[in-house]
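Here is a short briefing to read alongside the sequence and the coordinates.

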Amino acid sequence: MALPNINPTTTDAWRRLKAHYTEMNNLHMKDLFAQDKERADKLTIAWDDFYVDFSKNRITEETIDYLHQLADEVKLKEAIQCQFSGEKINQTEGRAVLHTALRAPEEAEFHVDGVNVIPEIHQVKQKIERFTNEVINGDRKGYTGKSFTDVVNIGIGGSDLGPAMVVESLQFYKNHLTTHFVSNVDGDHVNEVIKKLNPETTLFVVVSKTFTTQETLSNANTIKTWFLNGANEKDIAKHFVAVSTNIESVKSFGIDESNIFPMWNWVGGRFSLWSAVGITISLAVGYQNFNNLLQGAHKMDEHFKNEDFKSNIPVTLALISVWYNNFFKAESEAVIGYSQYLNQFATYLQQGIMESNGKSVDRNGNPIDYETGTLIWGEPGTNSQHAFFQLIHQGTKLIPADFIGFAKSLHGNQDHQDKLMSNFLAQTEALLNGKTKEEVVVEGTEPSIVPFKVFKGNKPTNTIFINKLTPESLGKLIAMYEHKIFVQGIVWNIFSYDQFGVELGKQLASKILQEFNNSAINNHDSSTSNLLHYYKDLS
């Protein structure tokens, strides 16, 4: 069974949404709230420890009905069933998409090519747990008999962004190990990390599915050379572990086969933190917290798979995003986490969303004449209020925004928490209401300054309110956005799980690298040729 293959613009719902947009475009949300005193209650989903208020959007219940009709017409329910049943919905690469299986309980069943993969997943989880406990407890030591103090994750893309974001987000729960991440092939990056390390007490985790990724292997070999300045080849086995499918190449590198953690081709890189790729997370915060992260994601999986669309958080957020992207022509979305712990969250989502849904060809292989993926950006509040909020409030662009907040602080400073939450709530209210000319005048503003202090308001936001930042709630939050990506891809009739767009530049980089090592420069456009000569002359 393949994914449904329906051009959304041919549906009745799409035509109705286009007509509906002309009615909605000039409406102000303030008027919608004034007309319906129960609006906030109607457009809110309370689930578990999540409270999602989407009432501050330029929508009505009629809009939601049309969007649900669109979901039905593109056969979203059937598509969800396809994904969870292990069908090869990544059709261009002939793969199933089962990151959801990685967080499923031991009694679950997920089949790939007729084989239940859950037992193998849980075997790997047990291996991660044993290894994690040995390192944290000091039972596993370095080549001089000292316990480990530092862990370095060497990867790029999903092998870096996912673990790095989660470790940053769960800093409150970290143990005595200090975690570092090396991703960029920029030699300055790896050398800045190395200078902080003691080779006798550092564990290195090399993450590469194929063990051929240029950036990862370059960094791994640089670190290996540095390590061998004081250690022997046999010591590599005690300090390096790998997450890979290429057993022979990993062993050739010097890593002991018992320290290789497997990956599966039905897990995409940007959805891989739930797999053995997450071993750095487990080391940083302990296996129990890593497992709680997985359990939270599983709870969101069950919610997404089973909940009616009207009270389904990922479906609702995805359809609202389609509404702005395809009818209001909003090009970007901001993600504002009111927690400094979420410092890397928007960066993580950039890959997840833009690599998945940045496509211009539909599932038939035909060019698309409607908008697909959105641009994702953001920073934590309140920092972002003093940076780019000016553009959101008074700029000419429509920028829908997700506001993510936690009701309880982790360190318990209520004064700080009250100030943080007052900003969290005030900003969405300000974006909703704005400030009229009359209100500015009443404040006694100099007449010539009045126009500059007027806020139109009517700026859409979703408020995602969570009780507390825990490993479980973070797992739910990440999974929520993963499912939002999936829903949008189904609506837009694209394949969300390949990423051929990242290949061309890498292929050309390999050719140019060869040209650096010889005198001949091949045919390029004049700009690239000039830049090549400029670099070679200076380097």
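Trp-323 counts as buried because its relative accessibility is 0%, where buried means under 20% relative accessible area, exposed over 50% and partly exposed in between (1.4 Å probe, protein chains only). This is a predicted model, in which local features need pLDDT of at least 70 and side-chain atom pairs count only at pLDDT 80 or more, while totals for chains, interfaces and linings use all residues. Residues are numbered from 1 along each chain as its sequence is written, and side-chain values use heavy atoms, with hydrogens and water left out.

**Aromatic rings**

- Trp-323 belongs to one aromatic cluster together with Trp-14, Tyr-21, Tyr-324, Phe-327, Phe-328 and Tyr-370.
- Rings of Phe, Tyr and Trp (its six-membered ring) pair if their centres lie within 6.5 Å; planes under 30 degrees apart count as stacked, over 60 as edge-to-face and the rest as tilted.
- By this rule the count comes to 31 aromatic pairs.
- Trp-323 and Phe-328 are an edge-to-face pair, because their ring centres are 5.3 Å apart and their planes stand at 80 degrees.
- Phe-328 has 11% relative accessibility, so Phe-328 counts as buried.
- Phe-403 and Phe-424 form a tilted aromatic pair, with 6.5 Å from centre to centre and 50 degrees between the planes.
- That pair links distant parts of the chain: Phe-403 sits in strand β12 (residues 401-408) and Phe-424 in helix α17 (residues 414-433), 21 residues apart.
- Both Phe-403 and Phe-424 are buried.

**Helix α14**

- Helices (H or I, at least four residues) and strands (E, at least two) are DSSP runs, numbered from the N terminus.
- Helix α14 covers residues 313-326, and its end C-alpha atoms are 20 Å apart, which agrees with the 20 Å that its 14 residues should span at 1.5 Å a residue; the expected span is 1.5 Å times one less than the number of residues.
- Of the 14 residues of α14, 14 are buried, so this helix is largely enclosed by the rest of the structure.
- Asn-312 caps the N-terminal end of α14, with a side-chain oxygen 3.3 Å from the backbone nitrogen of Val-315.

**Two loop residues**

- A polar contact is a pair of N or O atoms within 3.5 Å; within protein, one must be able to donate a hydrogen and the other to accept it, and residues adjacent in sequence count only if both atoms are side-chain atoms.
- Asn-57 lies in the loop between β2 (50-53) and α4 (61-73), and with a relative accessible area of 1% Asn-57 is buried.
- The side chain of Asn-57 makes a polar contact with the side chain of Asn-462 at 2.8 Å.
- Leaving aside residues up to four places away in sequence, Asn-57 touches Met-29, Arg-39, Ile-320, Tyr-324, Pro-460, Thr-461 and Asn-462, where contact means heavy atoms within 4.5 Å.
- Glu-443 is found in the loop between α18 (437-442) and β13 (461-468), and at 49% relative accessibility Glu-443 counts as partly exposed.
- The side chains of Glu-443 and Lys-435 make a polar contact at 2.8 Å.

**The whole protein**

- The protein has 21 helices and 13 strands.
- Its radius of gyration is 25 Å, close to the 24 Å that the globule rule gives for 539 residues, so the protein is as compact as a globular protein of that length; the radius is taken over C-alpha atoms, and the rule is 2.2 Å times the number of residues to the power 0.38.
- Of the 539 residues, 53% count as buried.
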